[in-house]
Structure formats: C-alpha cells, structure tokens
Amino acid sequence: MKLQNEVILSIGSNQGDRLENIIQCINLIHQEIGDVTKVSRLYETPSWGFESDAFYNAAVAIRTNKSPDEVLVGILAIEKKLGRIRNIPIGYQARTIDIDIIFFNDQIIETEDLQVPHPQMQHRLFVLLPIKDLQMDLVHPILVKTISDLIEECEDKSECTIVSDLEVPKRN
C-alpha cells in the first residue's frame with residue numbers, strides 16, 4: 001500500500017456559473033486525484049491583482065497516493081476540462097476555474113513547475129479563510145506559523161463573504 005499524502009487545494013472561479021464550476025471541480029478532484037476528506041465553506045471575494053468580476057473561493061483537503069507532480073498534472077487537466085484557457089502569462093486573468101496546491105503534507109517543494117507551500121498564500125485572505133474552515137492543525141513549513149497566525153498578520157483586508165456550505169463528495 002502506498003503512503004497517503006495529505007494535500008490542501010485552493011479553488012476559485014469568476015466566470016460562468018461559479019457555484020457549478022466549484023462543485024464540478026470538487027467532484028472531479030475526488031474522482032481523479034484523491035479522496036476529498038474536507039471542504040470549506042464557499043466565499044465570494046473581490047478579484048485580486050486585477051479588475052474583474054468577483055470570485056467564488058473554497059479549499060479542500062484530499063488524501064492521495066499521487067506524487068506532487070502527478071497532482072499538478074491532474075489539476076491542470078481538471079482546469080482544462082472545466083474550460084480554463086491558459087494564455088501566455090500577462091498577469092492575473094478571469095477564469096472558469098483555478099486550482100492551486102497550497103500544502104503537500106508538510107513538504108517544501110521548489111521546482112520549475114511547482115512551489116509548495118504556495119508562495120503567495122500568506123498574502124491572500126481568500127486562500128487563508130477557506131483553509132481555516134478545514135479545521136486542521138496546519139503550520140506553514142517555511143514561516144512556521146499557523147493559519148490563524150497568518151490570517152492575523154495578513155495585510156489583505158478584502159471583504160470575504162460566506163455564500164454557502166459545500167459538501168464533501170460521496171464515497172464511491
């Protein structure tokens with residue numbers, strides 16, 4: 001039996017049916033990447049770093065046998081399946097779905113394609129608040145701070161409004 005990895009993903013959508021995009025994304029993560037064990041509440045937040053429609057944001061905890069690279073390939077495939085078109089990077093853009101790996105166990109990963117923990121998470125309230133909802137004892141492995149500490153120190157004071165609860169997908 002392979003070792004189970006615990007992964008925290010941040011999910012956002014600001015195009016199309018945002019709620020349906022988030023729900024489909026969570027279900028696809030559950031089917032294709034690993035067991036979704038916890039899901040945050042759904043938040044509506046202003047766009048961050050660019051002018052656009054508001055986002056819906058959530059976080060999920062998953063258990064998977066996949067490696068960090070396999071999880072990355074899987075989330076990129078889910079984004080594509082849900083209509084995300086990745087253009088040449090010209091800054092932040094509106095998108096049907098965005099999935100980021102925030103934590104992978106307590107590992108620090110720095111490759112050309114992946115940085116974990118996510119290098120901007122501590123600056124983004126829309127990432128931190130949903131992760132806090134997961135009610136896990138997470139500590140940032142580089143900053144050595146809890147999620148509550150990071151929220152308290154976060155300079156992002158954007159309004160993050162709870163929209164609804166989200167459900168953990170049913171086990172197959």
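**Entry 1: Aspartate 133**

I looked up aspartate 133 and found it buried, because its relative accessible area is 18% and the limit for buried is under 20%. I note that the model is predicted. The side chain of aspartate 133 meets that of arginine 41 in a salt bridge, with 2.8 Å from N to O. I then checked where the two partners sit. Aspartate 133 belongs to helix α3, while arginine 41 is in the loop between β2 (35–39) and β3, so the pair links parts of the chain 92 residues apart. Arginine 41 counts as partly exposed, at 31% relative accessibility.

**Entry 2: The other salt bridges**

I recalled why such pairs are worth looking up: side chains of opposite charge can pair when their charged atoms come close. How many salt bridges does the count come to? I got 5.

One of them joins arginine 18 and glutamate 44 through their side chains, at 2.8 Å from N to O. Because arginine 18 lies in helix α1 (residues 18–32) and glutamate 44 in strand β3 (residues 42–45), this pair ties together parts that are 26 residues apart in sequence. I listed glutamate 44 as partly exposed, with a relative accessible area of 29%.

I also found a salt bridge between glutamate 32 and lysine 81, whose closest N and O atoms are 2.7 Å apart. Here glutamate 32 is in helix α1 and lysine 81 in helix α2 (residues 68–81), and the two are 49 residues apart.

**Entry 3: Rings**

I went back to arginine 18, which also lies over the face of tyrosine 56, at 3.9 Å from the ring centre. I searched the whole structure for aromatic pairs and found 0.

**Entry 4: Backbone**

Which residues does a cis peptide bond join? I found valine 116 and proline 117, with omega about 0°. Proline 117 is placed in the loop between β7 (115–116) and α3.

Asparagine 105 is not a glycine, yet I read a positive phi of about 50° for it. Asparagine 105 is in the loop between β5 (98–104) and β6 (109–110), and it counts as partly exposed at 26% relative accessibility.

Glutamine 135, again not a glycine, has a positive phi of about 50°. I placed glutamine 135 in the loop between α3 and α4. Glutamine 135 counts as exposed, because its relative accessibility is 68% and the limit for exposed is over 50%.

**Entry 5: A surface patch**

Ile108, Ile142 and Leu143 make a nonpolar patch of about 260 Å². Isoleucine 142 is in the loop between α3 (125–133) and α4 (147–153), and at 46% relative accessibility it counts as partly exposed.

**Entry 6: The whole chain**

I ended with the overall tally. The secondary structure comes to 4 helices and 8 strands, and along the sequence they follow the pattern β-α-β-β-β-α-β-β-β-α-α-β. Of the 172 residues in the chain, 48% are buried. The chain exposes about 9400 Å², and carbon and sulfur atoms supply 48% of that area.

What share of the contacts between residues at least 6 apart in sequence join residues at least 24 apart? I noted 71%.

Note on methods: Residues numbered from 1 in each chain as written. Predicted model: local features only at pLDDT ≥ 70, side-chain atom pairs only at ≥ 80, totals over all residues. Heavy atoms only, no water. Patch = residues over 30% accessible without salt bridge, like charges linked within 9 Å, V, L, I, M, F, W, Y side chains within 5 Å. Areas by Shrake-Rupley, 256 points an atom, 1.4 Å probe, with all protein chains shown as cover. Salt bridge = Lys/Arg side-chain N within 4 Å of Asp/Glu carboxyl O. Buried < 20%, exposed > 50% of the residue type's maximum accessible area, 1.4 Å probe, protein only. Contact = heavy atoms within 4.5 Å. Phe/Tyr/Trp six-rings, centres within 6.5 Å; stacked < 30°, edge-to-face > 60°. Lys NZ or Arg CZ within 6 Å of the ring centre and 35° of its normal.
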